[in-house]
Amino acid sequence: MNRNRIAVFVFLILYTMGSGLWAEPVRDQYVEAELISEYTSLQPGHVFTVALKLKHDEGWHTYWKNPGDAGLPTEINWELPDGFNAGAIQWPTPRQLPFQGGINYGYEGTVLLLVDIAAPENLIGDEVRIAARVNWLMCEEVCIPGEADLSLLVPVNRNSPEIDVREKENFTRTRQRLPRELSAWKVNAFLEEEQVSLSIAPEADVQANITAVYFYSEDAQIDANASQLLRQTDDGYRLTLTRASDAEETSLRLPGVLYSKDGWLADDDVTAMRIAPKLIPGAPPLSGVAVTSNISKSGISSFFAIIGLAFIGGLILNFMPCVFPILGLKVMGFVKQAGEDRRKVTLHGLIFTLGVLVSFWILTGILIALRAGGEELGWGFQLQSPDFVFALTVVLFIFALNLSGLFEVGGSAIGIGSKLAAISGPAGSFFSGILATVVATPCAAPFLAPALGAALTLSALESLIVFTSIALGLSLPYLLLSIFPEMVKLLPRPGAWMESFKQLLAFPLYATTGYLLWVLGGQIDEFHFLCAILGLVFIAMAAWVYGRWSTPARISAVRRWSRVGTIALFTLGLYIGYPLEKTSRIKWEPWSPEKVIALQVEGHPVFVDFTARWCATCQTNKATVFSSDAVVNRMREKDVVALKADWTLFDPLITNALASYGRSAVPFNIIYNPKQSEPIILPELLTPGIVLDALDKL
């Protein structure tokens, strides 16, 4: 071996020792872990940075400090020499990782978890051994716990140490991903029941174009599976979040990371901002109400422009799918009135317009009053209420049944409800105007959205004028038909065809009823949604009884008893279908074998319900057991996590899981106790007592 080769060999040995390469990476199945140092040596009395380097195989990931919907954060348990102190993990900004139907927060590829370690002044020796035991959870289609015992031998240098050039880029890139505190932005958090609103306002000299923002909650106060809505406001931005059902009620702050893909500063590429604003009870101030229009509210010309847009938007509402079925009802009314006195026709048109105007004034008054009280609402907010949606569904469903000929309401019908249901007459015209308003307001027609957005920021009087303009636009076609009877005469004359036409008009109403049921299905849980559908069945039966046995051809006793039956069936339908409980009392999470294992690793008892929508016994269990206060409270006391294995559609994983317990059908309920090797298997038909006894064994 010549002199040059010896020199190179010695250099490599010294470089290896000085760079801490005595640390060997450790692989546990799909993740490779290694301790690395930012510097080639450490200096006594100074802080140096060490990183846990995790290299994931393709498709695999580990978790952030808040794993999101499920998972476990990576843990580092240090074994340090005397006098050394390790700081907390500096977590880079994670990614959103859809997994098993939920949203998790974590890392893929290669990630560095930085930790600052302080060395003592009176350090003796030429090298220091830094050791740690690391635990993580790695997931792809399945989740597997991982662990490694790692160590790093770092030389001691009394002079200023040098950066390890081999890892310099990794450390630099990681620090760019670390969230920073930015004084250029002011963030406030407002807590209102289950909703948290972040008001994000820049300083006057900040130039930034923010198009997408996501909040990563550090302490899991925010539901990771819920959508996050960003809106621009008159002083910045507002991000609306959903609070997690198990969030601590005593939490005073909201720590986390605000991520903006566009960056927070024009002259910097920082995308992650660390925040921990104090939680302020109540709604955000009105100054932050979203403005969706570029129209200035100053100046007479701008105000008239808003009124014009509002009128055109109201006119176009007549052609929206949610309004068109109601228009069909009024067209039928005008057809019937084609040969009547001109004054009667005009009166019907005016009363219809009055119904639209009064309805808009009432809704506008409610909106202004709620806005003054601090509520942040948009036009059409009434459809955010499951109670209102169900009530409107019932009304339109009854109208559709009437048009289909299931029952008729004559002039002798008694009661306010019968008068409202009648298509003809002044009361019918007024009620049709109200109904047209109720179903029209959620529709955002062209030109209407800017006008509404601007009007919601105006004064109460100006808002009322704008909404009156919308109402006039909506009612204009009927007003024209009533004022100019020549146009009415162009309509077809009454005849036998009208019955077929009337029945045809029922189908748009059925379609609207189906749409409202779809909206309702997104607001309540599946069991109460089933109840709402069954409630409509009893209401239809009530209409059938009324139409079958309440006709004048029946004797008075039959008519009287049929009306009693109608009221009883209608009341029963409302009782069954009315969504008293908006959501399930138990928070069900999607089932997977991996989630069962992960939850048990965390120490949670797990209740798994193998169920399906087509299973009648399953629905009985939901009604009798999972709505029981005693069962719900006991599950909370025992910290039981509820998982739902939905077999409505064929799923081989569920099929295999059932087969492993000798089952081939649902319902099947099982409780896993992390402290017991064997799970608790429950019978098919459950009672609160059976479930409570099983929970008491945990």
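This report covers the nonpolar cores and aromatic pairs of a predicted model.

## Basis

Local features need pLDDT of at least 70 and side-chain atom pairs pLDDT 80 or more, while totals for chains, interfaces and linings use all residues. Residues are numbered from 1 along each chain as its sequence is written, and side-chain values use heavy atoms, without hydrogens or water.

## Nonpolar cores

The largest nonpolar core holds 40 residues. Such a core is a set of buried Ala, Val, Leu, Ile, Met, Phe, Trp, Tyr and Cys residues joined through side-chain atoms within 4.5 Å. Buried means under 20% relative accessible area, exposed over 50%, partly exposed in between (1.4 Å probe, protein chains only). Leu 42, Phe 48, Leu 52, Phe 84 and Ile 130 have the most contacts inside this core.

A second, separate core has 26 residues, including Phe 390 and Ile 524.

## Aromatic pairs

There are 20 aromatic pairs in the structure. Rings of Phe, Tyr and Trp (its six-membered ring) pair if their centres lie within 6.5 Å; planes under 30 degrees apart count as stacked, over 60 as edge-to-face and the rest as tilted. Trp 185 and Trp 264 pair edge-to-face, at 5.0 Å centre to centre and 75° between the planes. Trp 185 is buried at 6% relative accessibility. Trp 264 is buried too, at 0%.

Trp 544 and Trp 549 have ring centres 5.2 Å apart and planes at 80°, so this pair is also edge-to-face. Trp 544 is partly exposed at 41%, and Trp 549 is partly exposed at 29%. Elsewhere, ring pairs link Trp 64, Tyr 105, Tyr 214 and Tyr 216 into a cluster.
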